[in-house]
Amino acid sequence: MSSSEQTVDNMAAGSVHKVIFEHQGVFIQLSSDEEAIEQDLLISGSLQVIDKDGEILVEYRPLEDTVDLSNILCAGKDSSSVMGCTQGPGDRSHQLLETQQSYETEWDMVNAVSFKKRPCTNGEGSLNHSHERSRWAFTFSVSDLRSITVKEEGWAFLICKLKDSSTPLPVLHFHQGGSREFLDSLRRFALLTECPDDGTCLLVSTPNKALSQSFENLLDDNSFGLVHKFRKDPYVTTLGGFSKVTNYIFDALRGTEEQHQRPPEEVADLLGEVIPGLEINQQEEPGFEVITRIDLGARPQVMRREPLSAEDWTKHQDPEGRMVNVSHLKQVIFKGGLCHAVRKEAWKFLLGCFPWDSTLEERKALQRTKTDEYFRMKLQWKSVSEEQERRNSRLRDYRSLIEKDVNRTDRTNRFYEGIDNPSLVLLHDILMTYCMFDFDLGYVQGMSDLLSPILYVMENEVDAFWCFVSFMDQMHQNFEEQMQGMKTQLIQLSTLLRLLDLAFWNYLEAQDSGYLYFCFRWLLIRFKRELSFHDVLRLWEVMWTGLPCHNFHLLVCCAILDSEKQKIMEENYGFSEILKHINELSMKLDIEEILQKAEGICLQIRSCKDLPHSVSAILGFGTEVSGSNPTDCESAAAPRATQQQDACSNRHLRETSSHNSCKVAFRL
């Protein structure tokens, strides 16, 4: 689709040209004197929007300087097909060219994302001013543009009119898509408003100087006063602005004096403000018991396996395409993950988009239905006029937040890097369509982090949307206004950590960190900001198997904290140091080591006969179906020690300590 924005120096002219937008396969309509020809002759070329020393220009150039009939395409009057036209000695023959069809014909959206190498001329990119322009090439300034009429006839075509009506411009035909991106690039430098008398006509007005904000400026959190807020109240800022608590904030904090210890009642009030409904008990209440110590015995050692190969995946399909021996397949995926070639298909099953027992033909039929459903929802927001949007504050706010977050999401990943990246357009469109799918929730900051890896794997707008919908079904409560999901998970995580290591939990509590606020981002977006991009893919597919227990992601948190507890306690880290240390773990974690330890923790807890009911409920012990234990297929896993069964004791003692810090109460 569109190329990334780039700057090309034209030394001869002493000027700098910046390519804002470029799209190949745009056709202009040529007039023909031969009445016998039923089709309008079209010539293919490249359309660019260029910033030339501050002036925004639209430039069209044919692919060749001279018109070659082999390059001329003919558009059928009553068809959306494009036919190649070749001329013989005495006749003309037409050959139908295959073009990618789309369910959204107006904009011809590209379903599969691909990166196309831009044509180069004499090593100077797409701009070369050394050759004489063809008679079919033309250039005009956006400031000279009066209007753009958008028409649809099986494909989109644009009729541009200049303020000087004596200079007509050829009609631009977008047979291969790209019209929407072209208009979006113009909107960066001009205001396009719908004509009151003609809904297909966009009136163009340009300011004196185009204003734009770079990606770097968008990330300048000083403009949000974040550092000031963090210095003033790191507790609320950590929870309320999870995406802003990153390394560069802590760099700004270095050298400041240590925060004073907060009174317990103040900590309770602050946490209650951020997570409404979270009950924090500073006094023990009748009917509640606190787990002081349970001897879980030695933690078993487990081994990881190699990722499931494409060949092994195929072996789990019957002749009609049904997945067989699904229980074993999930166990293999849990133990090693998937090779990347399998992910595009396997994730649809893991997320529930495809039933495991569906045939290939059934999945094709389901795919067609879901494709139609997606584009119907997409057209709902795309058909909203500017006038309508001015009276719809929620949609306006959703769009604004999505555009801001998309410009910040995984921009260092090649799939999303650069300006005018088509993947960013798809990311934006999927999130906007999700607002139509679930308008009550709409868009909340952090959801773009959940979609980004899915779109990366699927490389398809429709598939990515429905996989994202399935993932959001699991994550929905995390983003609801009352944050019930976050409230519940923080309580559950505190329960598990206190069971696993009471001494460490007491230390954190003494540092006003007993509520594990620093795990907020881990839970909200499932470690998306903590692991490398490819490690996130591995972790998510492992968790989507549902093995080896419910809420396995909480044990992943426990595994990370278990690895860091020695340093935190030996260095006597306080509130701010713990926050800083946990945040700086980002991109330094070994996912295989974490998964290995988390599985070992699960087996260690499972081996205890007399677990508190609250722990069993969190991990779903006693509710698993047969074959849910991943060790069933892993002979290399260390056997559980038999003495572990007798090592557990039921010592649910009333805590008599008079420690003056807040406690989260758990009913057993």
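Author: Start with asparagine 325, in the loop between α7 (310-315) and α8 (326-336). Helices here are DSSP runs of H or I with at least four residues, strands are runs of E with at least two, and both are numbered from the N terminus. The model is predicted: local features need pLDDT of at least 70, side-chain atom pairs count only at pLDDT 80 or more, and totals for chains, interfaces and linings use all residues. Residues are numbered from 1 along each chain as its sequence is written, and side-chain values use heavy atoms, with hydrogens and water left out.

Why look at this spot? Most residues other than glycine have a negative phi, and most peptide bonds are trans. Asparagine 325 has a phi near 50°, a positive value in a residue other than glycine.

Asparagine 572 has a positive phi as well, near 55°, and is not a glycine either. Its place is the loop between α20 and α21 (575-583). Asparagine 572 is exposed, with a relative accessible area of 55%. The cut-offs are under 20% for buried, over 50% for exposed and partly exposed in between, with a 1.4 Å probe and protein chains only.

Stay with the backbone for a moment. The peptide bond from leucine 547 to proline 548 is cis, and its omega is near -5°. Proline 548 sits in the loop between α19 (533-543) and α20 (552-570).

The protein has 24 helices and 13 strands. Of its 668 residues, 53% are buried. Take the contacts (heavy atoms within 4.5 Å) with a separation of 6 or more: 71% of them come from residues 24 or more positions apart.

Two loop residues give examples of distance in sequence against distance in space. Serine 607 lies in the loop between α22 (591-606) and α23 (613-619). Its relative accessible area is 1%, so serine 607 is buried. Proline 300 is 307 residues away from serine 607 in sequence, yet their C-alpha atoms are 9.9 Å apart. Glutamine 176 belongs to the loop between β11 (172-174) and α1 (179-187). At 42% relative accessible area, glutamine 176 is partly exposed. Alanine 156 is 20 residues from glutamine 176 in sequence and 9.1 Å away, C-alpha to C-alpha.

Next, the strands. β9 (residues 145-152) and β10 (residues 156-162) pair antiparallel over 7 bridges. Pairing requires that DSSP finds at least two bridges between two strands. Lysine 151 has phenylalanine 157 in β10 as its bridge partner. The two strands, β9 and β10, form a hairpin with 3 residues between them. Glycine 154 in that turn has a positive phi of about 90°. β9 is also joined by 3 bridges to β13 (residues 198-205), and these two run antiparallel. There, serine 147 has leucine 203 of β13 as its bridge partner.

Then the helix packing. Axes are lines fitted to C-alpha atoms, for helices over the stretch in contact, and angles run from 0 to 180 degrees between N-to-C directions. The axes of α10 (residues 360-382) and α13 (residues 422-437) come within 8 Å and cross at roughly 90°. That makes α10 roughly perpendicular to α13. Under 35 degrees counts as roughly parallel, over 145 as roughly antiparallel, 65 to 115 as roughly perpendicular, and the rest as oblique. On the α10 side are Tyr374, Met377, Lys378, Gln380 and Trp381. They meet His428, Asp429, Ile430, Met432, Thr433, Met436 and Phe437 of α13. By class, this contact of α10 with α13 has 7 nonpolar, 3 polar and 2 charged residues. Ala, Val, Leu, Ile, Met, Phe, Trp, Tyr, Cys and Pro count as nonpolar; Asp, Glu, Lys and Arg count as charged; the others, Gly among them, count as polar.

Helices α16 (residues 484-500) and α17 (residues 502-510) pack at an angle of about 125°, with axes 5 Å apart. They are therefore oblique to each other. α16 contributes Ser494, Leu497, Arg498 and Leu500, and α17 contributes Leu502, Phe504, Trp505 and Leu508. The residues of this contact divide into 6 nonpolar, 1 polar and 1 charged.

Last, the cysteines. A disulfide is a pair of cysteine sulfur atoms within 2.5 Å. By that rule the count is 0 disulfides. Cysteine 467 is in none: the nearest cysteine sulfur, that of cysteine 353, is 3.8 Å away. Cysteine 467 is buried, at 1% relative accessibility. Cysteine 608 is buried too, with a relative accessible area of 5%.
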